[in-house]
Amino acid sequence: MGIDLSAEARAAFRDNGTVKALASADTKGVPHLAFKESLRLRADGLIEYREYIESSTTNRNMTASIWFGIPVSVALLTPDERSFLIRGSVVRALIAGLEFRRHYEQVRLRPGDLDLSTVWLIEPEYERENTLAKRKAEEEQAHPLHKHVDRLVPVDKGQS
Amino acid sequence: MSIKERAVTAHGRGSGDIGRVVRLQGAERRAESRWREEELGLGQVLAKYPDISPFVIIKADVQRRGVIYTQAALGEVDPDRHMTKVRSDYCEKNDLAPVSLMLRDGTTIFTEGFMAGRHREPYVVDAASGRIVLTDEGRVIEEVSYWEKPDYYDKFTSRGTPMWQVVSARPQRLTIHPNQYCDFWKRKGQGCKFCVMAEIYNSTDKPPLLHVEDIIETVAEAVKEPGRNVNIFLTGGSLLGGDALLEEELDLYLKILTGISALFGGRKFPSQLISTAFSREQLRRLYDQTGLATYTADIEVLNKDLFMWICPGKASTFGYDGWMERLYQAVDIFGPGNVNTGIVAGVELARPKGFASEDEAIASDIAEAEKLARRGIAVVSCVWRALKGSVFQRQKPPSLEYYIRLAKGLDNIRRTHGISVDMDNYRRCGNHPDTDLGRI
């Protein structure tokens, strides 16, 4: 079931300085992580990304995902070090037609004589902010026993 | 919900009433009433083969059973955007129905109009809320889209020929059929028994041979379209004549391919020719004088005795072993992975001379395919439809499970022998369930 991403995650997608990565897996569960600068949030709430290499591991894994319902994850790291994890399902591969052509023409304007294999569409199903400070606060709230006890010993400031 | 879950569990809670079905050619025939009880249905095959792409399974079944369209589905056709016309050696269509379909994962389905099988009900393409869906017995199976029309399609050559009649299109391929007839059909009883080339030709007023200038001009126009084409493909009926056997056919292809090669500065370009099996010397000329990259000569059926029965013209002219030998010679010239051979999967079960069971047929097919693979040649399979006008028109094609077992077997052979699927993959051709499986 698709979800709407938070305003913070949407802002992270819009920020040109955000580092974006896509994690996928093959049919045996072997994970693969790749940085994908083309990951973008569409107006319809789906995430799209442009695959330039037909035989890449990610492209094969995305195919496996849409065939067998294997989820994929997108990780975002903003310039101010907030991070977001989005998990979703691959719902469509654009490989031909008018919409594909629009992407292709944009790709061809870039330097490097790039080709375009596929525009993949991902439906977000789960989102979590993974920024360390936020996760630490959540952890301490939900799992107060998850800590080393030496952290609880009052620090003698005179010795420091 | 995944398409597998939908297909397996959605019985009785489908999309509601299917819209009024538009009945055109073939759809009026009543299918055999008990076929659903006699073989595994789509949902059962999806459940039994969880390691096979459900999209490929759906494709195989749709191509096997055919499709018809509801009025609502036809209402979604935009003739300015979608392909509705096609002229090829196997299809002549100029109405406003979509030429064919595409699934969400990019898998193509070849329906080529309103083809519906005699023995099994076709799928129904319906539409609701702007969504076009494939349905069976009122249940939504999967979303589909219509093939989009290329830029050149409504243009004319300088000779005034509509370009769509010269070069037909798949979503990513230009398809050229220079000879729309076949010399084997000129000899009584020599045509391939599954083939409708003669039937299509005789029911239209199209010329047997296309003008080479029209072809070059159309291709030159078509290749301007950004991001459309990844392959230029030629095939057609056999031309046996000339100074030596097949020289007429070779000369025609040489002229066309030389002209197209010039568009790419004489370099090799993504291309495939399916021709009658040329000799080593002819293949050498083809490779050396043109930019053709890959070569196919279709054996059609992987059994010597059945080849003689089903393809009598090919058999009497070349022989089964002779055809194979020419494939081996093609590998010497084009290289491993750049030569394959196609089969019309299922004709080896045709009555009365075919295999008695699907198990026997598959075992034989796989053994022969293994033999070819050891020489660097892949076998690719097409789904057989017993088309009206063919000698086999009353035959019953095999079950869906047969097609999935065969596709899996051929894909495994290619992987085992390290033969690339690139020359005939899902984008370059898209008519082979087995090569679709090579995507992962």
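A search of the whole structure, a predicted model, finds zero disulfides over all chains. A disulfide here is a pair of cysteine sulfur atoms within 2.5 Å. Cys91(B) takes part in no disulfide. Its nearest cysteine sulfur, that of Cys195(B), is 13 Å away. Cys429(B) is likewise in no disulfide. For Cys429(B), the nearest cysteine sulfur belongs to Cys382(B), at 6.6 Å. Cys91(B) counts as buried at 7% relative accessibility, and Cys429(B) is buried with a relative accessible area of 8%. Buried means under 20% relative accessible area, exposed over 50%, and partly exposed in between, with a 1.4 Å probe and protein chains only.

Residues are numbered from 1 along each chain as its sequence is written, and chains are lettered from A and ligands numbered from 1 in the order in which they are written.

Chain B holds 15 helices and 16 strands. These are DSSP runs numbered from the N terminus: helices are H or I of at least four residues, strands E of at least two. The radius of gyration of chain B is 21 Å, close to the 22 Å that the globule rule gives for 440 residues, so chain B is as compact as a globular protein of that length. The radius is taken over C-alpha atoms, and the rule is 2.2 Å times the number of residues to the power 0.38. The C-alpha trace of chain B spans about 65 × 50 × 40 Å along its principal axes. Of the 440 residues, 64% count as buried. Among contacts in chain B with a separation of 6 or more, 74% join residues 24 or more positions apart. Contact means heavy atoms within 4.5 Å.

Two loop residues of chain B are buried. Thr276(B) lies between strand E13 (271-274) and helix H9 (280-289). Its relative accessibility is 3%. Leaving aside neighbours within four places in sequence, Thr276(B) contacts Ser238(B), Leu246(B), Glu249(B), Tyr295(B), Phe318(B) and Trp323(B). Lys149(B) sits in the loop between strand E9 (139-146) and strand E10 (167-170). Lys149(B) is buried, with a relative accessible area of 14%. Residues up to four places away in sequence aside, Lys149(B) touches several residues, including Asp80(B), His82(B), Asp154(B) and Arg228(B). Lys149(B) and Lys85(B) are 64 residues apart in sequence and 9.2 Å apart in space, C-alpha to C-alpha.

The peptide bond from Arg351(B) to Pro352(B) is cis, with omega near 5°. Pro352(B) lies in the loop between strand E15 (339-345) and helix H13 (358-373) of chain B. Asp113(A), a residue other than glycine, has a positive phi near 50°. Asp113(A) is placed in the loop between helix H3 (98-109) and strand E7 (118-129) of chain A. It is exposed, with a relative accessible area of 61%. Ser129(B), also not glycine, has a positive phi near 50°. The loop between strand E7 (123-128) and strand E8 (131-136) of chain B contains Ser129(B). Ser129(B) is exposed at a relative accessible area of 83%.

Definitions and conventions
This is a predicted model: local features need pLDDT of at least 70, side-chain atom pairs count only at pLDDT 80 or more; totals for chains, interfaces and linings use all residues. Side-chain values use heavy atoms; hydrogens and water are left out.
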